Amino acid sequence: MRNPIRLFLGLSCMLNFFTNFAQQSVSKKNILWYESPAENWDNALPVGNGRLGAMVFGDPQNERIQLNEDSMWPGDPEWGNSKGTPKDLAKIRKLIREGKMHLADSLIVERFSYKGVTRSHQTMGDLFIKYQNEKISNYKRSLDLERAVANSSWKANGYKISQEVFASAPDEVLVVRIKTEDPKGLDFSLTMNRPNDIAHPSVSVSTPANDILKMTGMVTQYGGAKNSKPVVIDHGVKFETILKANIKKGSVQAQNDTLQFRNVQEVVLYIVCSTSFYHDSYIANNENTLKQLQKKSYEELLTAHIKDYQQYFNRVSLNLGENEPDTLSTAERVQRVKDGKPDLDLVTKLFQYGRYLLISSSRPGTNPANLQGIWNEHIQAPWNADYHLNINLQMNYWPSGPTNLSEMHEPLFDFLDRLTERGKKLAREQYGMNGAIVHHTTDLWAAPWMRAEKPYWGSWIHGGGWIVRQYWEHFQFTQDTIFLRERAYPALKAYAEFYADWLTEDERDSTLVSYPETSPENSYIAADGKSAAVSRGNAMGHQIIAEVLENTLSAAAILGISNNFTYEIENKLERLHPGIKIGSDGRLMEWDREYEEPEKGHRHISHLYALYPGNAITSQEPDLFEAARKTIEYRLEHGGAGPGWSRAWIINFYARLLDPEAAYQNVQLFMERSIYPNLLDIHPPFQIDGNFGFTAGIAEILLQSHEGFLRILPTLPREWPNGTIKGLKARGNIEVDITWKDGNLDQLNLTSEEDKSIQVKYGEKEIKVELKAGKETILDTNSVLINS
């Protein structure tokens, strides 16, 4: 008779082997890898824990790891809340009614706008590692999306050297481990620095111990601007960055603000940063973080990091099949796609990359992801790496609900709560109205005021109205009524109150109209043949107003609120000038009247807000569907969708239009034109919103829930005949797994935390499904929904 203990151990070993093999196979499918170091910042690989980030170049001789922290901003909330008065608004409105659009354009900027503003999120600095390597071979660098670890490895003089980098959220640290198999160890040196702010040193670097590098400083902007005039911002967030080296074997010596390592076989570098934005005693906070790190081994830090990260990342998996082997580097595969060759597995990687980036740049307790997430090498970044509210910040969070990352929403709401409070002051001071208003751009200090030198660029009043949609979406995906009562409804109410005061009666048709209105970054040809920006009753503005009022009423109904305020909002909504109208050419109208457009291929297709992310245009209205389609086609025919985020928006448009061919075509065009070899989005330059918009678009192609029911595989391209997606979220807090074969639904798994009855639609079939709390409901080929 066999020994049962030995038999158990044998089976256990086999089980562990197959488990490890499966995990390795999964990881392999979600690894980006390269055969050469990053030549520039746009090819480096990002890691982040929501607050701290790094771009890893992976150079085996002169390594650069560019460092970031999300609160590295100059200044403070010192520039006030508003500019201009209610009398200025009355004068501008009078000019518009008189048809004096160009005077209104100039006056709205002069009286209300801070014009050109330079006050930028900034780099934390750089870590430079100078390796004493010779005869380098077998080079490889990679980013493991399953483990959130960047790895570089090579051989020098025949011995393997590896460098592993990750950003730990639970331990608030960037970790770099350098290891060699050479029995003599490895020689290298470390320095840290930060670019000057024009001619001004931005940090003080010191070596308080042989194993410590320290950078201290304060964020400034000596090249700042306000009202399009130079402004010296000589103060800002204070910070301290510390690198601590833990050596297993070898030696380290501090020399002239440099750490010199000799004969090191393994070293772990801890990089911590604390700022005055988060902590009054930021230096003491750094000391405490380092003290806690000293109690843990590298393996413990790595294990805790992976466990923490995977609780979010592992919720969703996507498999579209493999038509390109992982034996080709990611750079090669990207180039093949740019040459017109499809790569289904690269689609899945890019989908998961968006989720990876959101987890890495927006965690509970941090600031929200900015135009570049958290990754920024500049003192003065493009567009200040700030928060643009006319699509960009909104797009950053489009994937949070559908791809099961609702926790990543929390930094946005923390920020918006601050922004809305300042927006209330602006509404009262600048416009003499109740509620809250936020214009098209803001920054760390939650500035609500208008900025931009041109009226078409920044004279837009709906930044708050659009972004407040995120509160309602979060509730819809989580069904968290405490959140709805304590945070979502107060925010919705604030913007609804403003709109209730803002709307005026249009003498032309007695409807309620919003003005002055602009359409984001666009203009029209006025009666005199010249470009103008302001008008009355533009499409997007009225679509947003209607949505804010509707969502406010829906939230109130759920919470059992019925009072004079809700009655007023109902009345305003009934009288609101329509934001969705079809023009004589069959396209949706962007302005209140039909005007010629100076830029026919404009990147913003703002008048399709009601299609996506809104839900006022659905398949129930074929005429509007067709008008929306014509609107997109017209823009594309005239060279539209230049920036990556614009193309990503179009993917979502076509997903909602239930057009598989067009959705697939734009997925391919995004991959051909809008990604760097490291898969980051090209605006150009890098802007992260396109990555998030792409991920949201893939989810929208496979599952939709905005119409009050679940629509399964609504826009599945024929080029994706077989696949599986697991873990998507539908509104109503329903988790959805979908498997399809030969272009047809094969199995649908639904899980709800509560008992509920839902409608599910696949193709032309629609059925009612009863879900039991916590129990998975499986519909397979025996179901009426699937069985043909």
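**Salt bridges in a predicted model**

As for the chain as a whole, its average pLDDT is 94, and 96% of the residues score at least 70.

A quick word on how to read all this. This is a predicted model, where local features need pLDDT of at least 70 and side-chain atom pairs count only at pLDDT 80 or more, while totals for chains, interfaces and linings use all residues. Residues are numbered from 1 along each chain as its sequence is written, and side-chain values use heavy atoms, with hydrogens and water left out.

How many salt bridges does a search of the whole structure find? There are 52, counting a side-chain nitrogen of Lys or Arg within 4 Å of a carboxyl oxygen of Asp or Glu.

Take arginine 315 and glutamate 407, whose side chains meet with N to O at 2.7 Å. Arginine 315 sits in the loop between helix H5 (298-313) and strand S17 (317-319), and glutamate 407 in the loop between helix H8 (392-396) and helix H9 (410-431), so this pair ties together parts that are 92 residues apart in sequence. Helices (H or I, at least four residues) and strands (E, at least two) are DSSP runs, numbered from the N terminus.

Buried here means under 20%, exposed over 50%, and partly exposed in between, with a 1.4 Å probe and protein chains only.

Next, arginine 536 bridges to glutamate 507 at 3.1 Å, N to O. Arginine 536 is in the loop between strand S23 (531-532) and helix H14 (539-559), and glutamate 507 in the loop between strand S20 (504-505) and strand S21 (512-513), so the pair links parts 29 residues apart in sequence. Arginine 536 is buried, at 6%.

Glutamate 596 pairs with lysine 600, their closest N and O atoms being 3.5 Å apart. Glutamate 596 is exposed at 54%, while lysine 600 is partly exposed at 26%. Elsewhere, shared partners join Lys29, Asp326, Arg333, Asp343, Asp345 and Lys349 into one salt-bridge network.

Last stop: threonine 330, in helix H6 (residues 330-338), is buried at 3%. Beyond four places in sequence, its contacts include Trp33, Leu346 and Pro677.

Key
Contact means heavy atoms within 4.5 Å. pLDDT is the predictor's confidence in each residue, from 0 to 100.
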